[in-house]
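Here are a few notes to read beside the structure. Keep the view open and find each part as you go.

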Amino acid sequence: EASIRGALEHVRPVIVVNAAAMTDVDGCERDPDKAMRENATGPRLLAEACVRAGVNIVQVSTDFVFDGSKREPYTIEDVPNPISVYGKSKLEGERAVLAARPEAVVVRTSWLFGIGGKNFASRIFDYAASSNRLKGITDMRSLPTYAPDLAQRILEIVDSGAGGTFHITGGGEPATWFEVARAALDAAGRLDVELIPVTVAELGLPAPRPAYSALRCLRSEALGLPPMRRWNEAVEAFAHA
């Protein structure tokens, strides 16, 4: 708490965007106390410090706050029901931020990828550099989101002065990780890489994942913000970044 307060006093920000989180979904499942500290307590302390400093906060959250039982995009009108420790901790973080500062902005996103990312989509080309046979999950479906596109939309929301919860993802049709990986590899000219279809159950991952977690942003539409770039176009841009 003291370090957060000191950082805000030193920087004197106009706005704080909290992109820090424990995003290792399986790691959260194995260590729920750490997940809650980093994804719920941390954002609460940051939001409280923002209140004292008189600045607003943007809390970046996740599609994993939903259980995945729906088969059409989730909106802010849908009631969250996380099925993993990661999802529960991120939802608690959302609630803590909004409780401390009701004017805060909560941005839920999904399948974020970009340069420097550690997840499957972000590292697909690293994996392909060491093996020409990769596995792609076929029974999870959502909307991949390119980090630069998300950053730009966050700036637009901040400039609008709006608060509340937003769903910000790439555009287009929901896809599986298998389809995303194939699109990325094709865009990079890696037709030599074989993708092996697998299910989440076959991988034996510790944490449950929502099978369907595409999001739709009614609030962005109401503000007149343009549709986000289609995810396959963003994947192609990432392939040549």
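The points below cover a helix pair, then a sheet and the helices on it.

1. Keep in mind that this is a predicted model.

2. Start with the helix pair. Two packed helices are described by the angle between their axes and the distance between the axes. Helix α1 spans residues 2-11, and helix α3 spans residues 32-53. Their axes lie 9 Å apart, at an angle of about 40 degrees. Angles under 35 degrees count as roughly parallel. The pair α1 and α3 is therefore oblique. Their crossing is right-handed.

3. Which residues make the contact? From α1 come Ile4, Arg5 and Leu8. From α3 come Gly42, Leu45, Leu46, Ala49, Cys50, Arg52 and Ala53. By class, this contact of α1 with α3 has seven nonpolar residues, one polar and two charged.

4. Now the sheet. Strands of a sheet pair through backbone hydrogen bonds, either parallel or antiparallel. Here the sheet is open and has four strands, in the order β1-β2-β3-β8, with parallel pairing. From one strand to the next, the twist averages 20 degrees.

5. Look at one pair of strands. Strand β3 covers residues 105-109 and runs parallel to β8, joined by four bridges. Val105 has Gly164 of β8 as its bridge partner.

6. Finish with the helices on the sheet. Helix α4 (residues 85-100) lies across β2 (56-62), β3 and β8. Its direction is at about 160 degrees to β2. Helix α6 (residues 147-160) also packs on the sheet and touches β1, β2, β3 and β8. The direction of α6 makes about 155 degrees with that of β3.

Definitions and conventions: Residues numbered from 1 in each chain as written. Predicted model: local features only at pLDDT ≥ 70, side-chain atom pairs only at ≥ 80, totals over all residues. Heavy atoms only, no water. Axes fitted to C-alpha atoms, helices over the stretch in contact; angles between N-to-C directions. Helix = DSSP H or I, 4+ residues; strand = E, 2+ residues; numbered from the N terminus. Parallel < 35°, antiparallel > 145°, perpendicular 65-115°, else oblique. Left-handed = near helix turned anticlockwise from the far one by under 90°. Contact = heavy atoms within 4.5 Å. Nonpolar A, V, L, I, M, F, W, Y, C, P; charged D, E, K, R; others polar. Pairing = 2+ DSSP bridges.
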